Amino acid sequence: MDPALNPFNPGSGVRPPELVGRDGEIDAFDLLVARSKSNTVGDRGMVLSGLRGVGKTVLLNVFAEHARRNDWLVIQVEAQPGEAGKKATRAKLARELELGARRLRGKPAWSFLQDAMAGIGNISASLGVTGVSASITTKHQGRADSGNLDIDLEELVEDLSLAMRKARAGFGLFIDEMQDLDEELLTVLLSVQHLAGQRGWPFYIIGAGLPNLPGKISEARTYGERLFLYRTIGQVNEEAASEALALPISRLGASLAPDALSLLLSAANGYPFFLQVYGRSVWEAASEKVISAEDAQVAVRLGTSDLDHGFFEARWQRATNAERLYLRAMAQDGDSPSSTGEIAGRLGKSTTKLAVIRSRLIAKGVVYAPEYGSIQFTVPGMAGFIARQGED
Ligand SMILES: Nc1ncnc2c1ncn2[C@@H]1O[C@H](COP(=O)(O)OP(=O)(O)O)[C@@H](O)[C@H]1O
Ligand SMILES: [Mg+2]
């Protein structure tokens, strides 16, 4: 059918034509926003965790959008791994703090925020950033200017959230790929979130990341478990998956024959990214208004090939030969976690020797450690992809 009309456009963080299966999370966040209007305090932030391609970034964006519409102070950052990533993330945070506040110009919070603005200028130094915020007039010296990240961030969050409370709104810090946040910043942010809960500041961290994120949070701070509402984001159920495919198609005056739909559903296995990929390919493969099972068969082949050459291949290409051997050994366990000891056994090497390979694969974002002594692919279906690859 007309490719120009194809409603499906799979991509990281791209809003799907039909967002399905996330009502519980959306309701929980809407409630948080609603309660901020009446200055109800004591709510927790939220942490979304799950594999790649399940829809965490999209959901985080939906939340941020909702908060913005309700005149919240909204700051969005994506954490990046490594030393360079740490610098980049901190610089982004400093810049976003300034921009986020400026976006509220003309909103009820604007006048209350004026006094906190000096702190925004000052925080840049403790985040290791120079040259930001020269434009901000320092009315209120002595706030967030100690040069210690923990003290400064705490003061700044206090000033900003008290200003937001006066405006009957909240301050949301949205952090994507939160598992990659550097440990110092993570710890400081958790302490500030903790303090906010105790003091009734409407400051909420809303994080998204890989399944190891909740573990990282409680490792950093023992009270981390109680700071957030944790939601695991994963496959959507069959009804939701059907809607994700069928509704965008029917809105354009076409439809999926029942057997066509079931072929696509079983190929996508409830994973949001896969639903979008097979949705796109079935639109490409179809020629009639009622899309047949034959069209769907072609679409499954096309979609799988798209995934193999994109989503999976991108990760496979990043791996060296030694790393691929490691991934192949993991793939014997399918998409379930592997024991690092067993992998070592399969490869006839010691776990210590393999530790370097493992941490390089983690740094490349291909695998993560769900818990000590085990390792798992970050993307669903990676084991099947590896099985489809010939030896190289
Ligand atoms: N609830 C959903 N329903 C349908 N499609 C979704 C949903 N959430 C995400 N998607 C689609 O899945 C893909 C991956 O979403 P993304 O948010 O980038 O995942 P993640 O951040 O978990 O890796 C995108 O193409 C997006 O449009
Ligand atoms: Mg994402």
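**Exercise 1. Determine which residues line the second largest cavity, and state how they divide by type.**

*Solution.* Step 1: the lining of the second largest cavity consists of Val41, Gly42, Asp43, Gln193, Ala196, Gly197, Gly200, Trp201, Phe203 and Tyr204. The model examined here is predicted.

Step 1: sorted by type, this lining comprises five nonpolar residues, four polar and one charged.

Step 2: at least two lining residues come from each of α7 (183–199) and β4 (203–209). The greatest contribution is that of α7, with three residues.

Step 3: the space in this cavity amounts to about 30 Å³.

**Exercise 2. Describe the largest cavity: what is its space, and which residues line it?**

*Solution.* Step 1: the number of cavities of 30 Å³ or more is three. About 50 Å³ of space lies in the largest cavity.

Step 1: its lining is formed by Leu93, Leu97, Leu153, Leu156, Val157, Phe171, Leu173, Leu189 and Phe203. Two or more of these residues come from each of α3 (82–102), α6 (149–166) and β3 (171–176).

Step 2: α6 supplies the most, namely three residues.

Step 3: by type, the lining holds nine nonpolar residues, no polar and no charged.

**Exercise 3. Classify the aromatic pairs Phe29 with Phe63 and Trp316 with Phe385.**

*Solution.* Step 1: the whole structure contains 14 aromatic pairs. Phe29 and Phe63 are stacked, with 4.6 Å centre to centre and 10 degrees between the planes. This pair links distant parts of the chain, 34 residues apart: Phe29 belongs to helix α1 (residues 23–37) and Phe63 to helix α2 (residues 56–69).

Step 1: Phe29 is buried at a relative accessible area of 0%, and Phe63 is buried at 1% relative accessibility.

Step 2: the ring centres of Trp316 and Phe385 are 6.1 Å apart and their planes stand at 80 degrees, so this pair is edge-to-face. Trp316 is in helix α13 (residues 293–318) and Phe385 in helix α17 (residues 382–388), so parts 69 residues apart in sequence are tied together.

Step 3: Trp316 is buried at 2% relative accessibility, and Phe385 is buried with a relative accessible area of 0%.

Step 4: one aromatic cluster is formed by Tyr271, Phe273, Phe274, Phe311, Phe312, Trp316 and Phe385.

How values were computed
Residues numbered from 1 in each chain as written. Chains lettered and ligands numbered in written order. Predicted model: local features only at pLDDT ≥ 70, side-chain atom pairs only at ≥ 80, totals over all residues. Heavy atoms only, no water. 1 Å grid on protein atoms, 1.4 Å probe; cavity = no way out; pocket = protein on both sides within 12 Å on 5 of 7 lines; lining within 4 Å. Points joined across faces, edges and corners; volume = space filled by probe spheres on them. Helix = DSSP H or I, 4+ residues; strand = E, 2+ residues; numbered from the N terminus. Nonpolar A, V, L, I, M, F, W, Y, C, P; charged D, E, K, R; others polar. Phe/Tyr/Trp six-rings, centres within 6.5 Å; stacked < 30°, edge-to-face > 60°. Buried < 20%, exposed > 50% of the residue type's maximum accessible area, 1.4 Å probe, protein only.
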